[in-house]
Every structure is written in structure tokens, then in C-alpha cells.
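Colleague: I would like to go through this model with you, element by element. Please keep the answers plain and state the cut-offs as they come up.

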Amino acid sequence: MDLSDDDLETVFRENRISVLYQPVVPLEDHGTILAVEAYARIDHPDFGTLAPAIFLERLRGQGLLLELTKSVIRRIAKDWKAWQAIGHDLLVSVNLDYSLLSFNTLSKELSELLKSVDVPRRRLMLELSAVNARQLTREDREQITRLRMKGFRLAIDNMGRLPMEPEEVEDLPIDQLKIDRSIIGALKDHSDPRNTVRKILAIASRLGADVIAVGIETGLDLEWLRRNGCRAGQGYLFGPPLAADGFSHIYLNQPDWRVRNNQDFVNLLLVEDDPQYQALLFEALSHTYNVAVANTSEEARKLFEAHKPKLLLLDVLLPDGSGVALCADLVRQYGSDSFSTIFISGKDDVSVRMEAYSAGGMDFIQKPFSMADLVAKIDRASASQQKRTEMLARSEALHDAAMGSMREAAHYGDVVQFMKSLFRAYDEKAVASELFRFMRPKGLVCSVQLRSSESTICFAQDGGLCSPMEINIFELLRERGRIIDFSRRTIFNDQHVSVLIKNMPEQDEERGRIRDYMAALIEGLEARFTDILRRRLLESVSEEVNTLARELAQNLEDDKKRNRAIMEKATLDLQMSFHLLNLTEEQEQHITGIIETMHKSAEESELSGAQISERVQSLVALLASVVEAGNSADRSPMESQHRDDVELF
């Protein structure tokens with residue numbers, strides 16, 4: 001769609017510029033609002049509302065972007081005052097196109113504009129959009145500094161989309177880095193975006209800047225970002241951009257808001273006999289889920305059959321029985337993969353949680369609870385259930401065939417093969433994949449926790465994340481003994497590794513056989529993971545020594561050049577002064593000899609420093625060869641042909 005000059009003239013003459021707002025929320029408690037981002041739109045009389053992708057380049061070419069920015073800020077000022085009047089002092093972000101940095105009067109004009117509309121500069125975040133730090137001129141950087149000195153808060157909003165190194169932004173007075181939505185959208189499919197996010201978080205840490213993830217749309221993205229240290233974000237998972245009235249109604253006028261981008265709501269069955277909790281939960285959840293409500297176990301069974309819910313929110317104590325028993329019955333009747341259960345209880349101790357988990361519970365919350373906490377748990381359970389359903393549909397036939405053909409395999413021969421395969425694993429994901437490849441043909445379903453001093457990572461065999469209840473079980477039982485049985489589950493513990501088998505057979509003979517070979521298997525896992533940690537430490541030390549060696553060599557070279565320059569200048573100055581000192585020839589020769597001796601001493605010092613540098617470089621090379629030899633010994637050349645088909649995102 002092309003906008004004509006008449007269209008652009010009409011836009012500004014008739015003030016057809018509108019603004020939408022999207023909340024920025026804390027990822028740990030996304031029922032509150034940290035800030036809001038403003039998005040400019042043009043209301044075209046024929047084409048409707050136009051997004052920036054349609055008009056931005058045209059306005060840039062016509063030199064009208066500053067006028068657009070001013071119009072947007074005037075609208076923001078009006079809405080900001082309305083929000084402040086009802087008690088919400090929000091920080092508002094607005095895009096500032098990189099081309100505007102060329103305006104010498106930019107900081108002055110924006111300052112005068114905010115003064116005229118009576119909005120504090122501290123409440124406006126200027127997001128430098130489409131910025132490539134490598135192309136910023138000295139004048140651009142000075143302009144950015146002037147904006148900061150005027151009191152504006154500054155952000156870079158396209159982090160990850162363009163190549164950017166820490167040193168290219170560390171001299172900019174930046175308050176915030178925003179990870180581009182293209183990076184967030186690819187988190188679940190590729191490792192490169194995940195590495196990019198980690199790099200941006202490291203840059204922000206060096207700069208002392210906040211990080212905002214833009215474009216969060218799935219619960220899995222939310223969980224990964226939160227687990228890796230990102231504290232704030234925005235996206236359709238929390239809510240779409242809305243006009244000021246809609247934004248106020250949804251986000252500011254409701255104590256517990258929650259907007260999700262789901263066209264087809266998930267069926268949820270609430271089993272709760274307390275009328276107050278029942279009303280509160282229905283009001284909070286009915287905006288985003290198809291909620292059915294039951295007071296008793298009997299009602300719950302009938303509604304479960306009719307609605308086939310994917311989520312079950314279940315009180316532990318019911319008027320006509322136990323919620324735990326009801327969950328266990330429903331699992332036996334409909335299967336554990338058809339729905340996920342979150343238990344609600346006024347009592348919280350280890351025995352209650354163990355019973356809830358053994359019955360098939362995915363998570364647990366104690367009364368009284370924060371509604372935001374409960375909604376977050378429900379959303380995580382919904383995302384996990386959706387992925388589990390999808391994977392079950394793809395793998396059910398293959399799983400049944402594998403169980404039938406491999407059930408009678410020689411277990412101990414498999415353990416030997418597992419130990420050999422385990423030496424190809426060189427990180428946590430590969431270790432878990434080898435374990436799951438071993439378990440799957442035997443019909444065993446498990447989860448594994450790998451612990452180091454820096455982190456604790458849990459993997460589930462279905463390819464997803466461990467449920468909060470499973471993580472809680474690992475933590476509760478890791479110090480309770482080496483082998484612990486409860487219900488049809490058994491956990492095997494070592495110092496750094498724990499394995500939870502979730503479907504142990506009922507026959508004592510088969511259970512005993514599994515316990516026997518798992519005792520050997522857990523020791524192999526522990527040994528391999530400990531070796532991985534050792535090699536990781538060795539690689540870290542090698543890298544550090546290598547860095548120090550390079551710095552030493554560079555410092556010696558710099559000192560060498562500096563000393564030679566000083567000596568040459570001193571020699572030249574002295575020789576040029578001989579005729580002024582009125583020295584005898586014998587005196588001149590004596591002084592010249594002293595200078596030559598100084599030269600020789602300096603050269604010997606340089607030679608000694610060079611020898612030290614060479615010895616350090618030899619040590620670095622030896623250390624690197626040891627690390628590489630160890631890695632080569634672990635990694636089979638056929639490794640790429642044995643990759644596991646489990647996605648451990």
C-alpha cells in the first residue's frame with residue numbers, strides 16, 4: 001500500500017494519528033505493570049488503521065518523523081495525565097527513529113515539548129529504534145548523550161536483530177535493552193537465539209541496564225526467559241496493544257487482570273465447595289478459560305465426562321470425599337496424559353504434597369494464595385498440557401511398538417551399551433538424552449535432575465520441562481536416601497544426579513531387577529556428569545590463562561616499544577648537546593659508552609620478558625591440547641548419527 005502526499009497531508013491536518021499501549025510486566029509476577037510501550041498508528045479514511053511498517057519509511061523519506069514523534073508524545077501526555085489522576089504513575093516508552101539523531105535541536109525540542117504538556121521527563125523512555133551501534137557517528141553519540149543529560153531515559157529496542165558487541169554500546173548512557181521479538185519468537189526452535197539472549201543479559205549486567213523481552217507469546221518462552229534471568233517482558237501472552245480506554249479498562253481498573261492471546265479457550269474444571277473461593281476463582285479465570293464449577297466429587301465426575309477438561313483445579317478436601325482420591329480415579333479412568341491437575345489445600349506439609357503428586361498432581365497451592373500466583377501456575381500447566389498432548393499424538397504409535405518389541409531385552413547388556421554411549425555426552429542435555437534413550441524401549445518414564453554449584457537443571461522424558469511438583473519432589477527427597485519408593489514411583493539419588501522413575505511395575509520381581517541395574521546406572525551418570533563439570537572447569541581455566549597470556553605478551557610488546565623510544569630520544573638529545581657542554585673527546589666517548597651499556601641492559605631485559613612470554617604461551621598450548629584431547633576422546637565421530645529425538649527445550 002502506497003501513501004500519497006495528499007494522504008500524508010491529511011494525516012497531520014486532521015490529526016489522524018492514534019496510539020496503542022501494551023503493558024510491560026515482571027516475568028515473576030505478570031499480574032502487575034512495570035511500564036507501558038506506546039505504538040503509533042495512522043487512521044486512514046479508506047484503508048483503516050495502518051501499522052508503522054506501512055507508513056514509517058514514507059514519513060522518514062519526507063522528513064516528517066519528528067512531527068510524528070511530537071504528535072505521539074502529545075497524545076501520550078493526555079493519556080498519562082488521565083492515568084495519573086486515577087493513581088497510576090506509569091513509565092511510558094515511545095520509539096525514537098535513529099534518523100532523528102541527525103537533528104541538532106532534537107533534545108531541545110523534545111524538552112520544550114514535554115514542558116509544554118507538563119509531563120516529567122523521567123516518565124518518558126525514548127527507545128532508539130533500528131539502531132546499529134556500529135554505524136553510529138560521533139555526532140550521533142553526542143546527541144544521545146545530550147538527551148540523557150536533559151533527563152530523558154533511553155533504551156535500545158532492537159537488540160539481537162543487528163550484530164552488537166558490548167564495547168559498542170558500553171559508552172552509551174543506556175537505561176534499558178529490549179530484546180527483539182524475532183529473537184524471542186525463535187527461542188523454542190533454535191539454540192542461536194537462546195545464546196543471543198544470554199549474551200544480551202550479560203551486556204546489560206555490564207552496563208547496569210534493565211532487559212525487556214519483546215514478543216512473548218507462549219508459556220514455554222516465558223519459562224525459559226525467567227529461568228535464564230530475564231526479569232521483564234511484553235507480548236500477546238500478557239495482552240495485545242490496546243487504545244487508551246481499553247488499556248485502562250483491562251489493566252488499570254481491574255485488581256487482577258490477565259489477557260491471553262487464545263482464540264479457543266481451554267476447558268477448566270474447578271472443584272471447590274467454598275462459595276467465596278468459588279466466586280473469586282470463577283471471576284478471575286472465566287475471562288481466559290471455559291470454566292465449569294463443581295461442589296462435590298459426584299458433580300465433578302459428571303462434569304468431567306461432559307466437558308473433558310484439560311485442566312483440573314481441585315480442592316484436597318471435598319464434602320463427599322478426598323480430592324486426591326478423585327484425581328487418582330480420574331487418572332485411572334481417562335489416563336494421566338489427558339489432563340493436568342493443580343491441587344488447592346489449606347494444609348501444606350510433605351505428606352499432603354506426596355499424596356497429591358502420587359495421585360497425578362502437576363502443581364500445588366496453599367490457601368490463602370495470591371491470585372496472580374495461581375493464574376501463573378494455571379497458565380504454566382496449560383502450556384505444559386498442550387505440549388504433552390501434541391507429543392502424545394505424534395509418538396503414541398511408535399511408543400507402543402517400542403514397548404512391545406523391547407520389553408524382553410537383556411537389561412544388563414543395555415546398561416553396558418548405555419555406559420559406552422554416555423561417554424559421547426558432553427553437556428546436561430546430552431546426558432539426559434542418553435538416559436531417556438535407555439529408558440524408552442523398556443516402557444519406563446522418568447525425569448532427571450542434574451546439580452552443580454552454579455545451577456540445577458531438570459529434564460522430563462516427554463521432551464518438556466519438569467512440572468513444579470516434580471521439581472519439588474526432587475528437592476524434598478534428594479537428602480532422604482539413595483533409593484526411595486513411594487506409590488509406583490522410585491527416586492534414585494547420588495551427589496549430583498537424581499533420577500525419578502514414574503511408572504515402576506507392580507510385580508516385585510521386575511521392580512527388583514530395575515532397582516539392581518539402576519544402582520549401577522546412577523553411578524555411571526554421576527561419574528560422567530562429574531567429569532563434564534571437571535572438564536568445564538578445565539576449559540574455563542584454560543581460557544582464563546590464554547587471556548592472561550595474550551595480555552602479558554601485549555604488555556611486554558608495548559613496554560618494549562615505549563622503552564626503545566625513550567632510550568632513542570634520550571641518546572639523540574644527549575648527543576645533540578655535546579657541542580654545548582664543551583666536552584673533551586675522551587669525555588664524549590665515556591658518555592657514549594654509558595649509553596651503549598644502558599641500551600644493552602634494556603635489550604637483555606626485553607629478551608628476558610620475551611622468554612617469559614614464550615614459556616607462558618607454551619603452557620597455554622599444552623593446556624589447550626589437554627582439553628582438546630579429553631574432548632576428542634569423549635566425542636565419537638559417529639555422534640551425529642546417534643542424536644536423540646527428544647527436544648529438551
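Colleague: What does helix H13 lie across?

Modeller: Helix H13 (residues 323-334) lies across S12 and strand S15 (340-345), running at about 155° to S12. This is a predicted model, in which local features need pLDDT of at least 70, side-chain atom pairs count only at pLDDT 80 or more, and totals for chains, interfaces and linings use all residues. Residues are numbered from 1 along each chain as its sequence is written, and side-chain values use heavy atoms, with hydrogens and water left out.

Colleague: How are helices, strands and angles defined here?

Modeller: Helices (H or I, at least four residues) and strands (E, at least two) are DSSP runs, numbered from the N terminus. Axes are lines fitted to C-alpha atoms, for helices over the stretch in contact, and angles run from 0 to 180 degrees between N-to-C directions.

Colleague: And helix H12, what does that one lie across?

Modeller: Helix H12 (residues 297-307) lies across S10 and S11, at about 150° to S11.

Colleague: What is the strand order of the open sheet with parallel pairing?

Modeller: The order of its five strands is S11-S10-S12-S15-S16; two strands pair if DSSP finds at least two bridges between them. Strand S11 (289-294) and strand S16 (361-366) stand at the edges with a single partner strand each, so one side of each has no neighbour in the sheet. On average, neighbouring strands of this sheet are turned by 20° against each other, direction ignored.

Colleague: How many bridges link S10 and S12?

Modeller: Strand S10 (residues 266-271) and strand S12 (residues 311-315) pair over four bridges, in the parallel sense. Within S12, Leu-314 is the bridge partner of Val-271.

Colleague: Which residue stands opposite Thr-490?

Modeller: Ile-501 in S21 stands opposite Thr-490. Strand S20 (residues 489-493) and strand S21 (residues 497-501) run antiparallel and are joined by four bridges.

Colleague: Is Arg-511 buried or exposed?

Modeller: Arg-511 counts as buried because its relative accessibility is 16%; buried means under 20% relative accessible area, exposed over 50%, and partly exposed in between (1.4 Å probe, protein chains only). Arg-511 is located in helix H19 (residues 508-576). Leaving aside neighbours within four places in sequence, its contacts (heavy atoms within 4.5 Å) include Asp-485, Ser-487, Arg-488 and Thr-490.

Colleague: What about Arg-153, where is it placed?

Modeller: Arg-153 is in strand S6 and is partly exposed, with a relative accessible area of 25%. The C-alpha atoms of Arg-153 and Met-125 are separated by 4.8 Å, although the two are 28 residues apart along the chain. Not counting residues up to four places away in sequence, Arg-153 touches several residues, among them Leu-91, Arg-121 and Asp-175.
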